[in-house]
Amino acid sequence: MSRGKTFKGGIYPACHKELSSGKAILTMALPKEVVVPLQQHIGAPCSPLVKKGDIVNKGQKIGDSEAFISAPIHAPVSGVVKAVEARLHPSGCKTQAIVIENDGEERLDSSVAPKGDLEALDAGTIKEIIREAGIVGLGGAAFPTHVKLAPPPDKKIDVLIINGCECEPYLTCDHRLMLEQSEQLVYGTRAIMKALGIDKAFIGIEDNKLDAIAAMEKAVAQYSGIQVVALRTKYPQGAEKQLILAITGKEVPVGGLPMDIGIEVNNVGTAVAVATAIQTGIPLIERIITVSGEGVREPQNLLVRIGTSFNDALEAAGGLNGTPKKVIMGGPLTGLTQFDLSVPIVKGTSGIVVFNTLKTATHPEPCIRCGRCVDVCPQYLVPTNIAQYVDANMLDAAAEWGLLNCCECGCCSYVCPANRFLVQSLKLGKEEVRAERSKQTS
Amino acid sequence: MTNTVIVSLVSMGAMGVLFGAGLAWASRKFAVESDSRIDEIEAALPGANCGACGYPGCRAFAESVVGGGAPVNGCPVGGTAVATQVAKIMGVEPEDSGERLVARVHCGGGHAQAKQRADYVGIDDCRAAIMVGGGAKGCEYGCLGLASCVRACPFDAMVMGDNGLPIVDKDRCTACGRCVVACPRDLITLVPCSKEVHVLCRSFDRGREVRDNCQVGCIGCKACERVCEYDAIHVTDFLAAIDYAKCTNCGACAAKCPTKAIIIENGQIQLAETTAS
């Protein structure tokens with residue numbers, strides 16, 4: 001095993017990527033109906049721009065918000081708006097969504113047109129194109145990309161990192177994207193660099209994807225400002241702060257953001273979405289997801305329209321193989337468990353992983369103080385102590401021990417020999433502390 | 001040798017007397033006048049430091065009573081008995097603190113009545129369960145049964161019943177309100193102790209959705225509203241709510257309720273707490 005750059009701590013879970021890493025991206029058949037939630041991103045939800053009975057075209061903007069931290073949504077297919085109503089969202093809550101019945105005509109909206117040559121576009125125009133295309137971080141967090149590209153005037157960004165680590169087990173959609181769409185990826189990277197006005201970018205890829213590293217090196221050969229960096233295959237190598245540390249050796253300050261040290265991180269999928277928005281004018285209405293796990297017959301990498309139901313995507317991967325015990329949106333370490341497979345695929349859905357047997361322990365035992373969680377914590381925290389403070393409702397003490405620095409990677413829960421739900425306690429504690437603080441300031 | 005012992009004993013003794021005299025003088029000279037009533041009131045209070053009065057602990061409440069900020073009947077835990085004592089210490093007439101309140105859990109959907117949509121595996125905390133896909137219960141408004149309220153109770157007045165719902169011990173409950181804050185679904189309210197008719201549902205869903213998830217949910221049919229002679233129960237947003245100021249405990253609404261979402265405590269129709277331990 002090669003020794004690529006990395007960070008301190010972390011874990012080496014079985015990656016199971018072989019299930020789908022050799023499968024070329026398959027364009028899924030169009031769904032009969034799409035459910036497009038108005039909230040698919042971090043920030044303010046959109047207000048619908050269409051109403052029941054309206055005829056919409058593919059790529060037409062159907063929801064937008066005045067708020068800065070928000071991203072518009074577009075019709076993934078052409079068809080008729082069947083309803084604007086509360087529907088179940090992968091987050092587990094019901095949120096307002098626009099339901100469109102597909103008429104199969106694939107009528108493109110008149111607003112969809114190529115935006116011209118990248119060289120001719122200025123930074124402001126590129127940012128506007130990204131906002132109008134509704135592009136958000138496709139790694140899973142779904143933070144609006146145009147917000148990240150507009151740092152406050154006192155923060156100067158000088159390095160862009162494109163995240164191609166894909167450190168979560170089972171997921172291979174970014175791997176396939178780097179292999180099959182490397183040209184667009186480089187184009188998107190250059191567009192983001194231009195929007196930021198910088199000339200230096202790194203593409204970080206874990207060294208279990210040697211073919212992707214080779215493909216990307218070939219694609220960036222003629223651009224001296226972009227460099228491909230091989231990183232050690234370790235979880236959470238793709239976490240923003242760990243990725244920055246591995247590539248640049250810099251640490252994001254406690255409580256700070258990457259922009260505080262002049263760095264911007266974007267997912268490979270986001271860069272390709274930017275390229276698509278400029279080259280063809282098509283907004284973010286489809287994405288690549290991995291459908292994998294022992295619970296599906298033929299694991300696949302699928303190109304799906306936003307709003308397609310989980311059921312349809314699972315069907316496209318050969319259907320369920322037995323009775324699923326657990327279905328996760330995203331990777332098994334940070335993903336969200338689903339209880340209803342009628343939920344739609346949203347912008348932040350990187351994959352669907354199906355398990356027929358439970359891999360996680362169910363009965364926690366008392367902490368034996370072995371310190372393994374301390375060894376693996378990539379944020380240098382003491383998860384067991386913080387979790388105990390949270391469980392005892394001593395939030396001030398937990399915050400003093402660095403609770404808010406937790407990146408929720410789940411390494412602590414993964415290694416705990418006593419099967420304690422450490423990361424869940426920490427996540428709860430973070431929510432509680434934030435709620436408490438916002439109550440104090442308001 | 002003997003000399004050393006005598007010299008040290010005498011000198012230490014002399015220093016002790018000297019310092020003692022100094023301290024005695026200083027304590028008179030720099031004495032801080034404190035109101036003895038604060039100590040008396042603090043002694044009269046329950047001493048649980050629960051914060052239900054709105055002050056950080058019993059001492060702070062006592063100081064505030066003497067300082068004129070807090071009413072003599074401001075301790076909800078102590079009730080009338082403590083209010084009378086505090087009033088006596090303060091030399092005022094005891095004010096009527098109204099009827100004693102107790103906590104009431106407004107959900108009747110136990111294991112047997114309400115549907116679970118998933119199995120929850122994780123820490124025993126209702127707030128944590130909600131963060132995982134909104135909790136395992138089919139009803140978005142129902143009790144998750146992970147006992148956050150029970151753990152929050154400083155008076156051991158709550159226990160979890162066998163049916164997965166918390167039970168309030170009315171004798172022990174002091175209406176401090178800790179459980180009200182702890183419940184992430186806002187299912188607990190403080191109600192007058194004498195009131196025995198309650199709506200055990202907080203679901204704003206329409207009737208069909210309620211029935212899908214729970215046998216004993218309020219479907220918003222308004223039968224209770226029509227039968228009530230005292231204008232004490234009203235349905236808004238598909239949910240019945242009792243105005244306890246008008247309710248007379250007649251139980252007509254409970255008898256009429258088709259889903260038995262309305263119960264009479266200690267009565268015949270008490271589905272939710274039948275398996276109380």
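Trainee: How many residue pairs are in polar contact between chain A and chain B?
Mentor: This is a predicted model, where local features need pLDDT of at least 70 and side-chain atom pairs count only at pLDDT 80 or more, while totals for chains, interfaces and linings use all residues. Residues are numbered from 1 along each chain as its sequence is written, chains are lettered from A and ligands numbered from 1 in the order in which they are written, and side-chain values use heavy atoms, leaving out hydrogens and water. A polar contact is a pair of N or O atoms within 3.5 Å; within protein, one must be able to donate a hydrogen and the other to accept it, and residues adjacent in sequence count only if both atoms are side-chain atoms. With both residues at pLDDT 80 or more, the count between chain A and chain B is 4 residue pairs.

Trainee: Which helix of chain A gives the most residues to the side that touches chain B?
Mentor: Helices are DSSP runs of H or I with at least four residues, strands are runs of E with at least two, and both are numbered from the N terminus. The top contributor spans residues 422-441 and gives 6 residues. That is helix H13 of chain A.

Trainee: Which residue of chain B forms a salt bridge with A:Glu432?
Mentor: A salt bridge needs a side-chain nitrogen of Lys or Arg within 4 Å of a carboxyl oxygen of Asp or Glu. The rule finds 3 across this interface. For A:Glu432, the closest N and O atoms are 2.6 Å apart, and the partner is B:Arg127.

Trainee: What area do chain A and chain B bury between them?
Mentor: Buried area is the accessible area (1.4 Å probe) that two parts lose on being put together, summed over both. Here 62% of it is on carbon and sulfur atoms, and the total is about 1300 Å².

Trainee: Which cysteine sulfur is nearest to that of A:Cys367?
Mentor: A disulfide is a pair of cysteine sulfur atoms within 2.5 Å, and the whole structure has 0. A:Cys367 is in none; at 6.5 Å, the nearest sulfur is that of A:Cys373.
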